[in-house]
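Trainee: I would like a close look at a single part of this model. Please keep to geometry and contacts.

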Amino acid sequence: MMTLAELTSRVRAEGRITADVALEARRIVYAGDAVLTRGEAEDLLRLDEAVEDRAPEWTALLLEAFCDHVVRQQQPPGYVDEAGADWLISALSRDGRIKTDSELEILVRVLEIADSAPQRLVTFALEQVKRAVVDGQGPLMRGGSLERGRVSKGEVELLRRILYAGGGDSNIGVTRAEAEILFDINDASRGADNDPSWTDLFSRALAASVMAASGYTPPSRDEAMRRQLWLEAPSGGVGDLLSRTFSSLLAPRRGFATLSDIPPSRMQPYVMQERELDAEPVTQDEAEWLMSRIMRDGKVDAAERELIAFLRREAPDIHPALAPLLEAADATA
């Protein structure tokens, strides 16, 4: 069987990755025990970077392989640890910048399927979109061009996927660090003909960050590991019964039947913890932070006015420290 190194040489000579090449790569990677090694994952990236003409089947393989290696094959499955995050950032980027559009998609897809991932992985993904808006360069170009200082519809959708990915902080909440990046993007695109969806995403995400909107929180990595071991233990009792019950619910992925594969609605009685989706008051700290960010340039733009309007409609209480900002928004409406 051909090696990945030999396949890479062939691809460089031909200048493209066809569906047949993708199939050959799949045979190489998933031969034998079907466990992707870190070296094989890095070889796949070198192959991806070799050419720009790549068949959809290749991208599908790349995403599947990296999600297997970084998320599904870990213990416990579904949890990206600190070491995994460090390796992924290093493998996908050079000088802090993602190199290709497919590698950016790898990062986002990992965040989407993971139960939990280090916050810096989410921040790193958001920074890639921020650089696209600020510099007009990066993997979002996809062989075309970006308009510097403008937020496009594609960039909004990518931001939405990252912010609400399963592996992010508490899944639904928007952290202060994430909110700061959104403000940076808004500042960089002030006055531009941004896609209308940007205003909606910005206002809702920022409102979520200060109203502490909460939802499903996955169990910690240690707790998930404990539950995984308990379910897999050959007890012959309740543990064995639950293990067999879960197994019947799984859709195996080349032999990797894990807790992370179970639909959340089926797992809820056993391992999920839910919190009520209650909006909380805007506190003094949050109000002062909003004041400092929005009034940094002494102006309130359209996206920021929509944020303020959203808070007025949805927040059960807004701290008086935000009153000057509310008045400024009214004055510029």
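Which kind of contact do the side chains of R176 and D285 make, and what surrounds it?

Mentor: The model is predicted, so local features need pLDDT of at least 70 and side-chain atom pairs count only at pLDDT 80 or more, while totals for chains, interfaces and linings use all residues. Residues are numbered from 1 along each chain as its sequence is written, and side-chain values use heavy atoms, with hydrogens and water left out.

The side chains of R176 and D285 meet in a salt bridge, 3.2 Å from N to O. R176 belongs to helix α9 and D285 to helix α14, so the pair ties together parts 109 residues apart in sequence. A salt bridge here is a side-chain nitrogen of Lys or Arg within 4 Å of a carboxyl oxygen of Asp or Glu. Helices (H or I, at least four residues) and strands (E, at least two) are DSSP runs, numbered from the N terminus. R176 is partly exposed, at a relative accessible area of 35%, and D285 is also partly exposed, at 48%. On this scale buried means under 20% relative accessible area, exposed over 50%, and partly exposed in between, with a 1.4 Å probe and protein chains only.

Next, helix α14 itself, which spans residues 284-294. Its buried residues are E286, A287, W289, L290, R293 and I294. Seen down the axis of α14, these fall within an arc of 160 degrees, so they line one face of the helix. The arc is that of the directions from the helix axis to the C-beta atoms. The cover over these buried residues includes α9 (176-188), α10 (196-211), α15 (302-314) and α16 (323-332).

D184 lies in helix α9, and a polar contact of 3.2 Å joins its side chain to that of R293. A polar contact is a pair of N or O atoms within 3.5 Å; within protein, one must be able to donate a hydrogen and the other to accept it, and residues adjacent in sequence count only if both atoms are side-chain atoms. D184 is partly exposed, with a relative accessible area of 23%. Leaving aside neighbours within four places in sequence, D184 is in contact with K130 and R293, where contact means heavy atoms within 4.5 Å. D184 and V134 are 50 residues apart in sequence, and their C-alpha atoms are 8.9 Å apart in space.

The side chains of R190 and D297 meet in a salt bridge of 3.0 Å, N to O. This pair links distant parts of the chain, with R190 in the loop between α9 and α10 and D297 in the loop between α14 and α15, 107 residues apart. R190 is partly exposed at 28% relative accessible area, and D297 is partly exposed at 38%.

Several of these residues belong to one set: E127, K130, E180, D184, D187, R190, R293, D297, D301 and E304 are linked in a network of salt bridges. A search of the whole structure finds 28 salt bridges.
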